[in-house]
Amino acid sequence: MNFKEIIEHVYHKVKNVEDTGKLPTYIPQLANVDTENFGVYISTTDQVNFGIGNCYDKFSIQSIAKVLSLSLAYQLLGEKVWERVGVEPSGTPFNSLVQLETDNGIPRNPFINAGAIVISDILVSSLKNPKEDFLTFVRSICNNSDLNYSSRIAASEKEIGFRNVALCNFIKSFGNIKNDPSEVLEFYFDLCSIEMNCKELSETFLFLANNGQNVIDNTTILSSSQTKRINALMLTCGFYDESGDFAFKVGLPGKSGVGGGIIAIHPNHYAIAVWSPKLNQKGNSYKGMRFLEEFTTKSELSIF
Ligand code: GLN
């Protein structure tokens, strides 16, 4: 079977599996989605692409955007980024506060909320118009001007984001947030609200499978060493306290979001996006994880 046939086969199999996941209700507007949605799209570095199911329906990419904000901060600051955020798996849920106290306000990694809020602070300091400039960056790496924030999702999260407000203020008390916390959080909630479909998501992330270069116009987004490091962080930290499980079962660097999306990267080969809104207990898409596990097992296209 070629990889398209394997995707079709695994898609239909996983579609019929009973989904034991639940919609996230803590961001009210995220629960406002049809739970039957299930889409997959793969983009390869040699530009063979294939999608199935709801792969053209937009969804909220949420924490997947943390990889893009890190990429831009890394492009702008280089290795200085790691003075403000660590590179160790946290082994804690995405919104945990506990390690910040012993770690003096340095978040364990850039993919837990604490780390992504510090990266947001860096971008608020470094960009002239953070909201506009970040969107310009994302559009350029996807070669697509049809990408946008969702004001509906951002507003919904701003209303209930008390945990993130606490995280940001707590980190500020250690001196690791330089700007006004409300400005940093405004930017953080906006970036989490970006909407993409699976096709756009896999196209946006293809540069991480292509040594940091845009596949379409060959521009350099990150150096190959920086790209290696971001992929390493996705492998070790991309799924919070389920990162080990994802590496064990899927064997690819990846990143999830509470909107039910997952992106996974096979360096030098492909980027694959999966979307199914119901989440397991760790906040990662139930069917998304199942699909990717069976896909890399059947196709033998994992990094291990
Ligand atoms: N915007 C979400 C939050 O901060 C992102 C979490 C996620 O996708 N895991 O809670």
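Me: Is Val-258 buried or exposed?

Reply: A residue counts as buried if 20 or more other C-beta atoms lie within 10 Å of its own. In this predicted model, Val-258 has 24 other C-beta atoms within 10 Å, so Val-258 is buried. Val-258 sits in the loop between E5 and E6.

Me: Which residues does Val-258 touch, not counting residues up to four places away in sequence?

Reply: With that exclusion, the contacts of Val-258 are Pro-24, Ile-27, Leu-30, Gln-62, Ser-63, Leu-279 and Gly-283. The UniProt record (unreviewed entry) places the feature "binding site" at positions including Ser-63, Tyr-240 and Val-258.

Me: Where does Tyr-240 lie, and what does Tyr-240 touch beyond residues up to four places away in sequence?

Reply: Tyr-240 belongs to the loop between helix H10 (224–237) and helix H11 (243–249). Beyond those sequence neighbours, Tyr-240 touches Ser-90, Pro-93, Phe-94, Ile-112, Lys-282 and Gly-283. Tyr-240 is buried, because 24 other C-beta atoms lie within 10 Å.

Me: How many bridges join strand E5 to E6, and how many join E6 to strand E7?

Reply: Strand E5 (residues 254–256) and E6 run antiparallel and are joined by three bridges; within this pairing, Ser-256 stands opposite Ile-262. Six bridges join E6 to strand E7 (residues 270–275), and these strands also run antiparallel. There, the bridge partner of Gly-261 is Trp-275.

Me: What lies in the turns of the two hairpins?

Reply: The hairpin of E5 and E6 has four residues between the strands, and Gly-260 in the turn has a positive phi of about 95°. The hairpin of E6 and E7 has three residues between the strands; in that turn, Asn-268 has a positive phi of about 75°.

Me: Why is E6 described as largely enclosed by the rest of the structure?

Reply: Six of the six residues of E6 (residues 261–266) are buried, so the strand is largely enclosed by the rest of the structure. Both faces are covered: one side presents Gly-261, Ile-263 and Ile-265, the other Ile-262, Ala-264 and His-266, all buried.

Note on methods:
Residues are numbered from 1 along each chain as its sequence is written. This is a predicted model: local features need pLDDT of at least 70, side-chain atom pairs count only at pLDDT 80 or more; totals for chains, interfaces and linings use all residues. A residue is buried if 20 or more other C-beta atoms lie within 10 Å of its own, exposed if 12 or fewer, and partly exposed in between; C-beta atoms are placed from the backbone. Two strands pair if DSSP finds at least two bridges between them. UniProt positions are given in the numbering used here, feature names are shortened, and annotations may be inferred rather than shown by experiment. Two residues are in contact if their C-beta atoms, placed from the backbone, lie within 7 Å.
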